[in-house]
Amino acid sequence: MHFTDRLLNFPCLEQVIDRSPLIVGPNTSVLDAIDLMIKARGSICQVSNSNSSPDLIPTSPTTTSCVLVVEESQLLGVFTERDVVKLTAAGVDLSGVAIAQVMTREVITLTQSNSDNILTVLSLLRQYQIRHLPILDRQGQLVGLVTPETILDLSPKAHELQQIEESLREGETYRLLFEHNPQPMWVYDLETLAFLAVNQAAIHHYGYSLAEFLNMTIADIRPPEDIPVLQEKVANLAVEGYANSGLWRHQKKDGTIIDVEVTSNALTFLGRLARFVLVTDVTERQLAEKSLRQSEEKYRRICELTSDYIYSCYVTRSGAIIDEWATANLSRITGYTFAELPEGENGWLNLVYPDDLPAFSQFINERISTNQAGSLEYRIVTKQGDIRWICDRIQPEWDDGEGRVVRFLGATEDITSRKQAEAALRENNDRLTLALEVANIGSWDWNMLTNETIWTSYHETIFGYEPGTPRRFFTDWFNRIHPEDLPEIKASAQAAIASRQDLECEYRVVWPDGSIHWVDSLGRFYYNALGQPTRMVGVLYDISDRKQAQEALHNSQEQLQTAIAELTRSNKELEQFAYAASHDLQEPLRKINSFAELLAHDYRQQLDEIADKYIDYITDGATRMQALIEDLLIYSRVGRQELNKQPTDLNTVVSQVIIDLSFVIAENNAIITTTPLPTLSANPVQMAQLLQNLIANGIKFRRDCPPEIHIAATLQKQQWLISVQDNGIGIKPEYIERIFAIFQRLHSRSHYPGNGIGLALCRKIVERHGGQIWLESEPGKGTIFYFTIPA
């Protein structure tokens with residue numbers, strides 16, 4: 001029978017499939033799976049014929065047994081006895097561990113086809129160095145398993161393998177395969193160890209000529225210290241057929257030492273007992289594995305240094321999540337070790353505070369459906385029963401083969417202290433507001449860069465708004481002023497700014513019912529390094545009664561004298577009060593801090609421990625906010641002071657900006673996503689201001705749909721190109737050139753508040769860092785801002 005005829009008669013795949021392999025579900029414990037393999041080991045048939053094909057001889061019983069992890073007929077992974085050895089050697093405690101946590105997920109498979117024969121199987125087994133090949137049908141469901149044992153034991157034609165090999169050795173085909181194989185191959189005399197034949201790949205790889213090889217022995221390509229082990233190994237090979245000799249060191253002609261894997265088989269060559277050898281150079285693989293181990297060790301140490309805990313979880317096809325691993329800080333935040341976490345699908349849900357479950361479920365579903373990173377702040381219940389706030393940042397992992405998100409990588413931060421500090425600060429602000437209301441004084445804080453304002457409730461009352469009405473912008477104040485008083489107010493404000501004086505003016509306010517009320521207002525401007533006003537804070541009070549009294553004086557001299565005396569006294573008191581209130585409001589944070597210190601001094605031993613803790617939170621919150629204000633003031637001097645560049649991680653900057661804008665983001669249901677961002681040599685405060693302005697613009701100039709903002713970075717010609725893309729209203733082409741000019745506005749204040757300084761500041765920051773900023777926009781579809789920073 002010719003060689004080609006033997007190939008045609010070679011067994012097909014159908015004949016060698018084991019249709020009853022060991023199968024378990026993903027929640028099966030590792031110990032149960034090991035028990036199944038132990039019971040099945042007795043049925044493993046070992047093949048030891050020295051003349052058989054080297055691809056069909058198992059190296060040891062531990063590589064022939066495995067279990068397939070299957071869910072709804074879908075193959076999820078494989079778990080072999082080799083995995084057991086690795087886990088045991090690593091000292092892993094397998095009690096209570098589900099097999100889904102330790103199985104191998106990346107599995108080489110073969111789709112069943114009537115045209116497939118064993119040669120296809122042999123090629124896959126050799127190419128990927130595997131001993132278990134799951135067979136799937138065209139729908140991706142598990143059919144069975146092929147191993148070297150099933151080929152030898154189950155195929156009625158497996159005995160023809162030896163005949164095919166003999167045909168290859170005897171014919172020209174074998175010579176061509178030997179000569180042109182890309183891997184080094186040779187034949188050596190088993191008695192003298194002399195080379196008998198060498199292929200071109202070996203000549204090229206080792207640097208020796210064919211003549212040199214044929215005058216050498218296999219000991220000549222070993223370092224001297226390895227020769228005794230070689231001689232012992234060769235002595236044992238005299239009674240073996242196929243053998244995987246494992247990892248060796250070989251020495252090239254130039255003295256270079258390489259790591260190789262050697263596989264050999266016994267044969268008779270030119271009448272001599274010899275061995276046929278196949279060599280695989282694994283030097284680069286060894287170096288890569290060493291580098292990987294070092295990288296993993298470095299990553300582990302970094303994870304131990306951070307206060308966050310890092311974790312990974314698997315996402316099933318049904319959208320359920322299964323915890324895979326977590327760093328040690330898990331127990332510091334949750335009280336649970338990883339082994340103590342609830343097992344099975346969605347075990348983490350048992351820790352989520354019940355009221356936060358809907359938001360958490362929606363967050364997870366969005367990560368799965370959009371494959372976009374995101375963060376969520378929510379509460380958990382610890383092992384001790386405490387309620388803690390955490391910030392969970394998740395990066396999905398997409399699998400192109402499965403066409404879905406298969407894993408979450410996340411970092412979780414304990415933000416309980418921050419939440420408590422925010423609550424304490426709100427409480428102090430409420431107390432300050434109450435004090436002002438008792439004195440019938442309204443106050444405001446106007447950010448002239450964003451046109452956002454903060455009003456007290458009595459300010460709303462003076463302007464005729466219902467208590468609690470959302471009023472956050474300058475236009476809400478401006479629209480209530482009597483039109484006849486506006487020119488004078490503008491002129492007074494310009495004069496006060498020019499002379500760096502406080503602004504004090506009286507004007508009329510028109511309520512919705514048409515009634516007119518007089519207001520006396522005292523305000524103070526704050527300036528940046530360029531002398532431009534950026535903020536104004538002040539107080540106001542209703543002087544309608546005083547104005548009515550002044551009008552009545554025109555009708556009665558007696559009433560006039562009385563009114564004058566009353567007004568003189570009232571004015572004196574009001575001026576004194578206005579000065580005192582202005583002075584007190586100049587540094588409200590200092591007042592909060594002082595008040596907290598008084599509470600601590602007078603009542604620390606009289607109140608309970610929780611009250612003492614709240615006092616500490618107040619002090620800490622005021623101190624932190626004071627530091628924030630000082631940073632902002634330093635930034636306002638950006639045009640005069642040295643830039644002070646330092647390594648700045650934009651990922652950290654964006655995370656802080658998202659926290660700072662959390663109220664606006666939540667109010668507008670905005671979605672902020674990023675790709676991994678670089679670390680730049682830049683001023684971190686200015687980078688935060690730059691990104692905050694661009695993100696805030698994307699939220700403010702929104703359409704009817706929720707704002708979506710995406711931040712990305714690419715390295716181009718020694719500089720980083722950063723993009724901030726939104727889905728807002730867009731910008732017409734004729735306005736693109738003027739949008740970065742200072743105080744340039746494209747919309748009326750009634751539609752979009754703001755004074756047109758934000759993008760001018762962005763351009764200034766970018767240019768100060770040696771970069772450029774520009775935009776691309778399409779009205780009705782959104783805008784992309786680009787800026788560059790030198791790498």
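The legends below describe close-up views of a predicted model.

**View 1. An antiparallel open sheet of 5 strands.** The strand order is β18-β17-β21-β20-β19. Pairing is antiparallel. Strands β18 (452-455) and β19 (503-510) stand at the edges. Each has a single partner strand, so one side of each is left without a neighbour in the sheet. Direction ignored, neighbouring strands here are turned by 25° against each other on average.

**View 2. The β20 and β21 pair.** Strand β20 covers residues 516-527, and strand β21 covers residues 533-542. The two run antiparallel and are joined by 9 bridges. One of the residues to look for is Tyr 527, whose bridge partner in β21 is Pro 533.

**View 3. Two helices on the sheet of View 1.** Helix α17 (residues 486-499) packs on the sheet and touches β19, β20 and β21. The direction of α17 makes about 25° with that of β20. Helix α18 (residues 544-553) lies across β19, β20 and β21. Helix α18 runs at about 125° to β20.

**View 4. The largest cavity and its lining.** The structure holds 4 cavities of 30 Å³ or more. The largest has a volume of about 140 Å³. Its lining counts 17 residues. Nearest the centre lie Tyr 309, Tyr 311, Cys 313, Asp 323 and Trp 348. Four elements are labelled: β12 (309-315), β13 (321-326), α13 (357-370) and β15 (387-399) each give two or more residues to the lining. By class, the lining has 14 nonpolar, 1 polar and 2 charged residues.

**View 5. Strand β12, covered on both faces.** How many of the residues of β12 are buried? The count is 7 of 7, and the strand is mostly covered. In a regular strand, side chains alternate between the two faces of the sheet. On one side of β12 are Tyr 309, Tyr 311, Cys 313 and Val 315, all buried.

**View 6. The partner strands of β12.** Strand β16 (residues 404-414) pairs with β12 in the antiparallel sense over 6 bridges. Here Cys 313 stands opposite Phe 408 in β16. Strand β13 also runs antiparallel to β12, with 5 bridges joining the two. In this pair, the bridge partner of Val 315 is Ile 321 in β13. The hairpin of β12 and β13 has 5 residues between the strands. Gly 319 in this hairpin takes a positive phi near 95°.

**View 7. A mixed open sheet of 5 strands.** The order is β23-β25-β26-β28-β27, and the pairing is mixed. Strands β23 (671-674) and β27 stand at the edges. Each of these has a single partner strand, so one side of each is left without a neighbour in the sheet. On average, neighbouring strands of this sheet are turned by 15° against each other, direction ignored.

**View 8. Strand β28 between β26 and β27.** In the sheet order, β28 sits between β26 and β27. In β28 (residues 782-790), 8 of the 9 residues are buried, so the strand is largely enclosed by the rest of the structure. Strand β26 (residues 719-726) runs antiparallel to β28, with 7 bridges joining them. Ser 723 has Tyr 786 as its bridge partner in β28. Trp 720 stands opposite Ile 789 in β28. Strand β27 (residues 773-778) pairs with β28 in the antiparallel sense over 6 bridges. Ile 773 stands opposite Phe 787 in β28. Strands β27 and β28 form a hairpin with 3 residues between them. In its turn, Gly 780 has a positive phi of about 85°.

View 9. Thr 788 is found in strand β28. Is Thr 788 buried or exposed? Its relative accessibility is 5%, so Thr 788 counts as buried, the cut-off being under 20%. Which residues is Thr 788 in contact with, leaving aside its neighbours within four places in sequence? They are Gln 719, Trp 720, Leu 721, Val 766, Gly 771, Gln 772 and Trp 774. Among them, Trp 720 has its own place opposite Ile 789 in β28.

Key
Residues numbered from 1 in each chain as written. Predicted model: local features only at pLDDT ≥ 70, side-chain atom pairs only at ≥ 80, totals over all residues. Heavy atoms only, no water. Pairing = 2+ DSSP bridges. Axes fitted to C-alpha atoms, helices over the stretch in contact; angles between N-to-C directions. Contact = heavy atoms within 4.5 Å. 1 Å grid on protein atoms, 1.4 Å probe; cavity = no way out; pocket = protein on both sides within 12 Å on 5 of 7 lines; lining within 4 Å. Points joined across faces, edges and corners; volume = space filled by probe spheres on them. Nonpolar A, V, L, I, M, F, W, Y, C, P; charged D, E, K, R; others polar. Buried < 20%, exposed > 50% of the residue type's maximum accessible area, 1.4 Å probe, protein only.
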